Amino acid sequence: MKLYNRFKDLFRLRKELNACKNQMERNEASVIKLFQSQNYEMINKGKPIRLNNFEFKIYSQNGEDGIILEILKRVENIQGRIVEIGIEDGTECNSANLLINFGWKGLLIEGNKEYAKKAISYYSEKLKIKENVDVACEFISTKNLSEVLRKSNYHEDIDILSIDVDGVDYWLWESLDKQIRPKLLIIEYNAYLPFDKAITVPNDEGFERYKKHQSGYYFGASLKALEKLGKIKGYSLVGCDSRGVNAFFVADEYVGNRFEVLTALEAYFPLSSGTKIRPKPEEAYSIVKAMPFVEV
């Protein structure tokens with residue numbers, strides 16, 4: 001019995017040593033990655049570092065928090081003002097980290113009354129200066145977006161505008177007045193749609209994703225469609241988060257040599273967010289391709 005226990009202890013010790021070895025290898029890999037990231041500009045002849053190297057999550061849905069901070073680091077004349085459309089209860093969105101940890105001012109817009117109430121309660125508890133954030137329960141459409149921003153005094157000096165309504169996202173951006181020009185525009189793209197097709201759902205003011213198609217695959221716009229719209233509006237596609245949810249566009253006057261400008265093909269990631277098992281993009285698109293799309 002003693003011999004058995006000794007073998008058992010040896011086996012456990014070996015297992016623990018292997019676990020330590022594996023952890024050391026992971027730590028070493030992380031250090032190497034960090035070193036390479038910090039020295040990328042020198043190694044890569046001064047080219048800007050790809051934004052995906054900076055992904056991390058604090059309050060965002062995926063790694064957007066890290067990408068946003070890196071973009072802001074490269075952009076000049078930051079005022080600390082953000083607008084986000086489609087925040088749900090506000091606990092997991094692109095604004096939260098800036099509002100809670102950096103003292104930014106923000107306009108958060110949510111069409112669902114229950115979500116908006118929860119967001120108001122959440123930020124009342126989280127913020128030292130309650131007046132920094134205005135949570136508006138408002139259904140945003142192409143007809144009222146610019147007007148809502150004007151009335152709320154967020155039509156000038158906006159650093160970031162984030163759009164995530166799971167529907168007519170393309171048309172909301174398209175409808176934005178030329179005078180309203182955020183430095184960074186973050187917008188959800190539909191990674192189920194082919195990245196080489198410039199297509200979007202029609203502009204339906206009452207669009208509801210799961211009522212339109214029970215699969216939930218029919219919404220928003222392809223990355224190619226958003227890339228084309230960005231060029232029309234004077235914005236460059238500089239990256240997407242690696243979970244295939246949000247695309248990042250910087251106003252051309254702030255791009256310079258600070259960012260690598262990408263095509264939809266170069267920036268695209270398939271959707272892998274959340275715990276749900278995701279179909280391959282071509283499988284999802286085959287289910288909804290007969291639905292009405294607008295080529296832009």
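**Core, helix and loop**

Modeller: The largest nonpolar core has 85 residues, and I71, V83, Y123, I160, W173, L223 and F249 have the most contacts inside it. A nonpolar core is a set of buried Ala, Val, Leu, Ile, Met, Phe, Trp, Tyr and Cys residues joined through side-chain atoms within 4.5 Å. Buried means under 20% relative accessible area, with a 1.4 Å probe and protein chains only. This is a predicted model: local features need pLDDT of at least 70, side-chain atom pairs count only at pLDDT 80 or more, and totals for chains, interfaces and linings use all residues. Residues are numbered from 1 along each chain as its sequence is written, and side-chain values use heavy atoms, without hydrogens and water.

Biologist: Which strand gives the most to this core?

Modeller: Strands are DSSP runs of E, at least two residues, and helices are runs of H or I, at least four, numbered from the N terminus. With five residues, the top contributor is strand 8 (residues 246-251).

Biologist: Which strand is included in what covers the buried residues of helix 11?

Modeller: In helix 11 (residues 281-288), the buried residues are A284, Y285 and V288. They lie on the same side of helix 11 because their arc around the axis is only 95 degrees, taken from the directions from the helix axis to the C-beta atoms. Their cover, by contact (heavy atoms within 4.5 Å), includes strand 6 (199-200).

Biologist: Is N144 buried or exposed?

Modeller: N144 sits in the loop between strand 3 (133-137) and helix 6 (145-151). Its side chain reaches the backbone nitrogen of S141 at 2.8 Å. At 18% relative accessibility, N144 is buried.

Key. Buried < 20%, exposed > 50% of the residue type's maximum accessible area, 1.4 Å probe, protein only. Polar contact = N/O pair within 3.5 Å; in protein donor to acceptor, adjacent residues only side chain to side chain.
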